[in-house]
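Student: I have a new model open and would like to learn how to read it. Could you walk me through its features one by one?

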Amino acid sequence: GGRIDVGEESLPLTDILTREIEEELGTNITYAVGTPVATWVRNNPARTPVFLVGFLCKKLGGEIALSDEHQAYRWVAKESWQELPYAPGYHEALVQFWEAHKQIKS
């Protein structure tokens, strides 16, 4: 996940996503960024709503080097992602993402 930084409002979303991936996973990883698959709004009464865009990306090679923002990562099988804990609103967003992805593939 990531956010649009001040001054990036007019940049293509793929440029912002590339910056976020490199910030969080390092520059040694290679990947392909696809088109957006789903969009949604995560509402949290205590905060400003967050507009989310889900891109389908594919890791092509290289090693992940986590930033200081993270302690660990793991690959999760498509069948078991729902077992993980998520912040409020993200589970529903991921359900929508995978449903939209399924529609694109058919």
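Tutor: Gladly! Let's begin with burial: a residue is buried under 20% relative accessible area, exposed over 50%, and partly exposed in between, using a 1.4 Å probe and protein chains only. Keep in mind that this is a predicted model, where local features need pLDDT of at least 70, side-chain atom pairs count only at pLDDT 80 or more, and totals for chains, interfaces and linings use all residues. Residues are numbered from 1 along each chain as its sequence is written, and side-chain values use heavy atoms, with hydrogens and water left out.

Student: What share of the 106 residues in the protein chain is buried?

Tutor: Buried residues account for 25% of them. For surface, accessible areas come from the Shrake-Rupley method with a 1.4 Å probe, and for residues only the protein chains shown count as cover. The accessible surface of the protein chain is about 7900 Å², and 54% of that belongs to carbon and sulfur atoms.

Student: How do I read the order of the elements along the protein chain?

Tutor: Helices (H or I, at least four residues) and strands (E, at least two) are DSSP runs, numbered from the N terminus. Here the protein chain has 2 helices and 2 strands, in the order α-β-β-α from the N terminus on. Its C-alpha atoms fill a box of roughly 35 × 35 × 30 Å along the principal axes.

Student: Which residues make up the largest nonpolar core?

Tutor: In soluble globular proteins, nonpolar side chains tend to be buried together. A nonpolar core is a set of buried Ala, Val, Leu, Ile, Met, Phe, Trp, Tyr and Cys residues joined through side-chain atoms within 4.5 Å. The largest one in this model has 8 residues: V37, A38, W40, V50, L52, A93, F97 and A100. Two or more of these residues come from each of β1 (30–42), β2 (50–61) and α2 (90–105). Another core, of 6 residues, lies apart from it and includes L17, Y31, F55 and I64.

Student: Which residues does A38 touch?

Tutor: A contact means heavy atoms within 4.5 Å. Leaving out residues up to four places away in sequence, A38 touches L52, V53, G54, Q96, F97 and A100. Across the protein chain, among contacts between residues at least 6 apart in sequence, 50% join residues at least 24 apart.

Student: How many salt bridges does the structure hold?

Tutor: A salt bridge is a side-chain nitrogen of Lys or Arg within 4 Å of a carboxyl oxygen of Asp or Glu. The structure holds 5 of them. One joins D5 and R19 at 3.4 Å, N to O. D5 lies in the segment before α1 and R19 in helix α1, so this pair ties together parts 14 residues apart in sequence. D5 is partly exposed, at 34% relative accessible area, whereas R19 counts as buried at 17%. R19 also meets E20 (3.0 Å, N to O), and E20 is buried at 10%.

Student: Where is E24, and what does its side chain meet in a polar contact?

Tutor: E24 sits in helix α1 (residues 13–25). For charge, Lys and Arg count as positive and Asp and Glu as negative, while His and the chain ends are not counted. E24 is buried yet has no salt bridge, and the nearest side chain of opposite charge, R19, is 7.1 Å away. A polar contact is a pair of N or O atoms within 3.5 Å; within protein, one must be able to donate a hydrogen and the other to accept it, and residues adjacent in sequence count only if both atoms are side-chain atoms. Such a contact, of 3.4 Å, joins the side chains of E24 and H70.
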